[in-house]
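Hi everyone, thanks for coming. I'd like to walk you through one structure today, so please have a look at the screen.

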Amino acid sequence: MLIEEISQNQENRDIDGLTRNAELIRQVNINVAYMFNLYSDISGSFADYVAAKKATNTGEHNASGSANP
């Protein structure tokens, strides 16, 4: 939605619209940074989960007398 409005303002070349684009572009940058941080947090959580799962599975194999792969 923001990008569409920025594009329309750019096409219209209306001074008020072009001025508003500065704020809209700031908002897009904030949204992108938020999504990047969210993705980073989710990726980190997933990596931690996988590492913990591997450690749990390795511990179960050791407890049953099986060798580590």
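Let's start with Arg26, which counts as partly exposed at 48% relative accessibility. On that scale, buried means under 20% relative accessible area, exposed means over 50%, and partly exposed is in between, using a 1.4 Å probe and protein chains only.

Before I go on, some housekeeping. This is a predicted model, where local features need pLDDT of at least 70 and side-chain atom pairs count only at pLDDT 80 or more, while totals for chains, interfaces and linings use all residues. Residues are numbered from 1 along each chain as its sequence is written, and side-chain values use heavy atoms, with hydrogens and water left out.

Okay, what does the side chain of Arg26 meet in a salt bridge? It's Glu23, at 3.2 Å from N to O. By salt bridge I mean a side-chain nitrogen of Lys or Arg within 4 Å of a carboxyl oxygen of Asp or Glu. Both Arg26 and Glu23 sit in helix α2, three residues apart, and that's about one turn of the helix. Glu23 is partly exposed as well, at 42% relative accessibility. While we're on Glu23, its C-alpha atom is 9.7 Å from that of Ile6, and those two residues are 17 apart along the chain.

How many salt bridges do we get by this rule? The count is two. The other pair I want to show you is Arg20 and Glu5, whose side chains meet at 2.6 Å, N to O. Arg20 lies in helix α2 (residues 15-63) and Glu5 in helix α1 (residues 2-12), so this pair ties together parts that are 15 residues apart in sequence. Arg20 is partly exposed at 41% relative accessibility, and Glu5 is partly exposed too, with a relative accessible area of 25%.

Let's zoom out for a second. The chain has two helices and zero strands. Here, helices (H or I, at least four residues) and strands (E, at least two) are DSSP runs, numbered from the N terminus. Out of 69 residues in the chain, 9% are buried.

So which residues does Asn21 touch, if we don't count those up to four places away in sequence? They are Glu5, Ile6, Asn9 and Gln10, with contact meaning heavy atoms within 4.5 Å. Asn21 itself is in helix α2 and counts as buried, at 4% relative accessibility.

Now look across at Asn9, in helix α1. Asn9 is buried too, at 13% relative accessibility. Its side chain makes a polar contact with the side chain of Asn21, at 2.9 Å. A polar contact is a pair of N or O atoms within 3.5 Å; within protein, one must be able to donate a hydrogen and the other to accept it, and residues adjacent in sequence count only if both atoms are side-chain atoms. With the neighbours up to four places away left out again, Asn9 touches Asp14, Gly17, Leu18, Arg20, Asn21 and Leu24.

Ile42, in helix α2, is exposed, with a relative accessible area of 52%.
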